[in-house]
Amino acid sequence: MNSIYNKTEEEIMDKVQAGFDGLTEEEADIRRLRDGYNELKEIKKKSIVKVFLSQFTDFLIIILLCAATISLFLKDIKSALVIVSVTVLNAVLGAVQHVKAEKSLESLRSLSSPTARVLRNGNKIEIPSREVVVGDILFLEAGDYISADGRIIENFSFQTNESSLTGESVSVVKSADKIAKSNVAINDRNNMVFTGTLGTYGRAVVVVTSIGMDTELGKIASLLEAAKVKKTPLQVTLDKFGKKLAAAIAALCALIFLLNVVRGYDMIESFMFAVALAVAAIPEALSSIVTIVLAIGTQKMAKENAIVRKLQAVESLGSVSVICSDKTGTLTQNKMVVEKIYLDSMLIDIENLEMKDTLQRKILEMSLLCNDAVTTEAQAIGDPTELALVHMGEYHKVDEDDIRKMHPRLSEVPFDSERKMMSTLNNINGEFVMITKGAVDVIIKRVSRIATKDGVKPILKNDLKDIEYTNRELSKEGLRVLAFCYKILPGNKVLSIEDESDLVFIGLGAMVDPPRKESKQAVEDCINAGIKPVMITGDHKITAAAIAKHIKIVRDDSEVIEGCELERLTDEQLKKRVGRISVYARVSPEHKIRIVKAWQDLGNVVAMTGDGVNDAPALKQADIGIAMGKVGTEVAKDASSMILTDDNFATIVKAISNGRSIYTNIKNAIKFLLSGNTAGILTVLYTSLVHLPLPFTAVHLLFINLLTDSLPAIALGLEPHSKDVMREKPRDIKKPMLTKSFIFNILTEGSIIAASTITAFYYGMNKGGAGLGSTMAFSVLALARLIHGFNCRSRLPIYKIGVFSNRYQWLALTAGSILLALVLAVRPLQKIFDVEHMVINELEVIIALACCPLLIIQMIKIIAFRIKNSARS
């Protein structure tokens, strides 16, 4: 039924096998059995159990479970229980986030009107919309939500608002005539109506051509189901890191195990040594820490009007290199506003209209009289264009109700798509005045006189040229222009089309869906941050280009392309051109997904903003979908990763800044965890190579990794955000987190901490044997790693960022130190954690050795900072 709009009414009725007198109940039942109910099918979702179990597929989690199994096999119950507890906690956290499931189809379903008026058995009846079938005759009028796709067979000035489907805010004027062209975009199928759109004016009789999943709304639901959820850059990085770490740990543990067996150590003791090494190497708290830092970041963003629905998407914001933004309601206000009035050869900004001027007041009052829109405190009802005229009156304190009561309407000729105008007859101060408004190109052919400040005069060729020139220039700016005329009739009468001639031209009204005030600055901030803003809209090319130029998304028209041109491009051709295109006009939902995919195929992280049903598939396809909270449909919200509660494009810039800062904080937390673990690995390796006893038990390392490490890592996630992040280019997702310099820093800092730990081990062994040596090595490693959190706050020396600027780091140090003190001092805990009692001077040595890495690493940073500064100068 793709060409249904190309057929005549008779051809359509033949196609759907129905008559103009509607279906019988029996025929409707047969069709319902064949086609099903008029509703959208639900996507089958994962069960909670499957979601929970899927959390255990992470490589690091698998390694931990292997370590727990080995510990259990060797009857080390304590280690096994602790490891399993950590993995289960991590799985619960992940499952809770995932269970906030996609409800896109449920929201799509709510868009369908609950009832519909149809012709059955020759009678007009009201039925539930889900019972509508193909071939039903549907009766529509202003205010109706349309319950099925259909072809108009009778039209009475019917108009619809299709912004939720196409993105256009202006009402679409409908027609019953067949369309000659083929492959016409949804926006231009003016003899069709679509599910989920709204009747705004007039009425129509429609034959239903598609229901349920076969409607345009249903196709969007199918696209939504097909759109794949992409992994975030951090997920990809951690997955790669997990695989590399797994291979490295397995190889290292096997090597150490074999080395100890060859040297004659007991096999079980060698196995325990290998397990200890594995536990030391694996950052057990990594997944939980990343989840917690992301969750804390989302809370901060929620306070700044950005609600994150998908936790892992937070850090994706920091990698965003392209924002594909819907125009209507996102960059613009989603309401028509009168900007300029042209009369008596003058172009006047709306705020400069003078109500004391007779001619200027006359055009304003006539725009309210020849107008069906109504506003109350609760709502605004009517065509967006007519509402714009009413709001113009309100701006100048002229109420439409007062004017209409003062000058009552006596007759009218409603607007229709053929005439492109409407007329009303009003009693104005005892005179019978016909007021006409409509398209400039039509009205101008019917005028014979022109109103000026000096009175009504015959219209001259120069006057007509000025009007046509003004219309062209305003249209180039993306403004929609209406002409206003009037004519004094000799008496009261029923108006007819024949009366719409010999008119007096009074002026033009130019209106637009204006950009949001914040959009221009937000776009500039995006460009400064190395982010490419792209406008995608269902609106006309001229309108889209004008708005884009105003907010500096484009410089010239070569960066603007229409959907029909895009249709002719292959995916490869689109990929070659996509970097040079900044505005896409007259696009369909399928086009939006192609654009997003083209950018993604070029290695970009793409954000897509939008508020309509038509945006939902692309929101889901994008790396991060951003929906508008106030005017956004529930479909768009549920398909998104993030929702803007203030519908402010500028909030996206804040969110990106937060995303970049959160990623930096996560990277610092990972550096902290890995450098600490490196210290543990090096210590274990050293003792193995020089034939010393085990410096730690598995419980020692789990205590450090899970408790004393977790607190500073979380504190690093709460590091205050720096404004400098928005002066940098987006992070390259192809660039791994573990760069050579990053790994070098981890190894260097880990080696310094390991040196202090080994020194403590030797000191304790010499003073009290292997038990005291193990206790002192454990204490130094735990405390040094707590203090090491200060080193990982920044690449800069700590005095440059403020020693006390992150109070959470001090709280982490205090809390971690208290936990360590309890383990060392409380006898029941001493037994659980295999530590020996120590005297004061031994504790003093521990504190001194734990502080040494901080001093050494800070000295290295100070020297590097000064060298870098001197090189710049």
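I began with a term: a residue is called buried when its relative accessible area is under 20%. I note that the model is predicted.

Entry 1: I looked up Cys324 and found it buried, because its relative accessibility is 0%. I then searched for disulfides and found zero in the structure. Cys851 takes part in no disulfide, as the nearest cysteine sulfur, that of Cys852, lies 7.4 Å away. For reference, a disulfide is a covalent bond between the sulfur atoms of two cysteines. I recorded Cys851 as partly exposed, with a relative accessible area of 30%.

**Entry 2: salt bridges.** My search of the whole structure gave 29 salt bridges. In one of them, the side chains of Lys327 and Asp539 meet at 3.0 Å, N to O. Lys327 belongs to helix 13 and Asp539 to the loop between strand 21 and helix 20, so this pair ties together parts that are 212 residues apart in sequence. I found Lys327 buried at 0% relative accessible area, and Asp539 buried at 8%.

I next examined Glu365 and Arg361, which form a salt bridge of 2.8 Å, N to O. They stand four residues apart in helix 14, so about one helical turn separates them. Glu365 is buried at 16%, whereas Arg361 is partly exposed at 30%.

I also noted a salt bridge between Glu719 and Arg793, with the closest N and O atoms 2.9 Å apart. Both residues, Glu719 and Arg793, are buried.

**Entry 3: surface charge.** I located a negative surface patch formed by Glu394, Asp399, Asp401 and Asp402. Asp399 sits in the loop between helix 15 and helix 16. I recorded Asp399 as partly exposed, at 31% relative accessibility.

Technical notes: Residues are numbered from 1 along each chain as its sequence is written. This is a predicted model: local features need pLDDT of at least 70, side-chain atom pairs count only at pLDDT 80 or more; totals for chains, interfaces and linings use all residues. Side-chain values use heavy atoms; hydrogens and water are left out. Patches are made of residues with over 30% relative accessible area and no salt bridge: like charges are joined within 9 Å, nonpolar side chains (Val, Leu, Ile, Met, Phe, Trp, Tyr) within 5 Å. Accessible areas come from the Shrake-Rupley method with a 1.4 Å probe; for residues, only the protein chains shown count as cover. A salt bridge is a side-chain nitrogen of Lys or Arg within 4 Å of a carboxyl oxygen of Asp or Glu. Lys and Arg count as positive and Asp and Glu as negative; His and the chain ends are not counted. The place of a charge is taken as NZ of Lys, CZ of Arg, CG of Asp or CD of Glu. Helices (H or I, at least four residues) and strands (E, at least two) are DSSP runs, numbered from the N terminus. Buried means under 20% relative accessible area, exposed over 50%, partly exposed in between (1.4 Å probe, protein chains only). A disulfide is a pair of cysteine sulfur atoms within 2.5 Å.
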